[in-house]
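I opened this notebook to record what I looked up in the structure, beginning with the overall fold and ending with charged side chains.

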Amino acid sequence: MSGAARETQQSICAWAEETFGPAKDAATLHARALPEMEELSEALTAGDRQEIAHELADIVILLYRVAHESGVDLHTAIDEKMAINRARQWVPAGDGTGKHVK
């Protein structure tokens with residue numbers, strides 16, 4: 001979208017509802033995201049950067065819809081959660097992940 005306006009949670013959800021109709025519920029959208037996670041796993045295994053990007057986008061699109069159906073602004077939720085994460089103490093697992101201890 002070089003030079004064009006970026007998509008937002010609102011614009012994506014409006015497009016999805018116009019295209020697919022109203023979502024039955026957030027759980028249905030979550031269930032639809034699970035196969036997309038498998039497709040992401042396949043793309044990661046194959047090392048296909050373009051397919052990785054597309055599968056990540058599919059997942060985020062579905063997460064925007066889950067958030068919308070749940071009455072959550074995803075960007076606000078991320079900001080709030082990152083503030084919590086930054087205030088926690090963490091123990092690295094050595095593989096790029098870890099667990100919080102406080």
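**Fold and overall dimensions**

I began with secondary structure in this predicted model and found four helices and two strands in the protein. I then read the elements along the sequence, and their order is α-α-α-α-β-β. I looked up the radius of gyration next: it is 16 Å, well over the 13 Å that the globule rule gives for 102 residues, so the protein is more spread out than a compact globule. For the extents along the principal axes, I noted that the C-alpha atoms fill a box of roughly 45 × 35 × 35 Å.

**Burial, contacts and surface**

I checked burial and recorded that 21% of the 102 residues are buried. Among contacts with a separation of 6 or more, I noted that 48% join residues 24 or more positions apart.

**Charges**

I turned to the 10 positive and 17 negative charges of the protein, whose mean positions are 11 Å apart. Side chains of opposite charge can pair when their charged atoms come close. I asked how many salt bridges the structure holds. It holds one: the side chains of Arg32 and Glu36 meet at 2.9 Å, N to O. I located both residues in helix H2 (residues 26-46), where Arg32 and Glu36 are four residues apart, about one turn of the helix. I also compared their accessibility: Arg32 is partly exposed, at 42% relative accessible area, whereas Glu36 has 5% relative accessibility and therefore counts as buried, the cut-off being under 20%.

Methods. Residues are numbered from 1 along each chain as its sequence is written. This is a predicted model: local features need pLDDT of at least 70, side-chain atom pairs count only at pLDDT 80 or more; totals for chains, interfaces and linings use all residues. Side-chain values use heavy atoms; hydrogens and water are left out. The radius of gyration is taken over C-alpha atoms; the globule rule is 2.2 Å times the number of residues to the power 0.38. Buried means under 20% relative accessible area, exposed over 50%, partly exposed in between (1.4 Å probe, protein chains only). Contact means heavy atoms within 4.5 Å. Lys and Arg count as positive and Asp and Glu as negative; His and the chain ends are not counted. The place of a charge is taken as NZ of Lys, CZ of Arg, CG of Asp or CD of Glu. A salt bridge is a side-chain nitrogen of Lys or Arg within 4 Å of a carboxyl oxygen of Asp or Glu.
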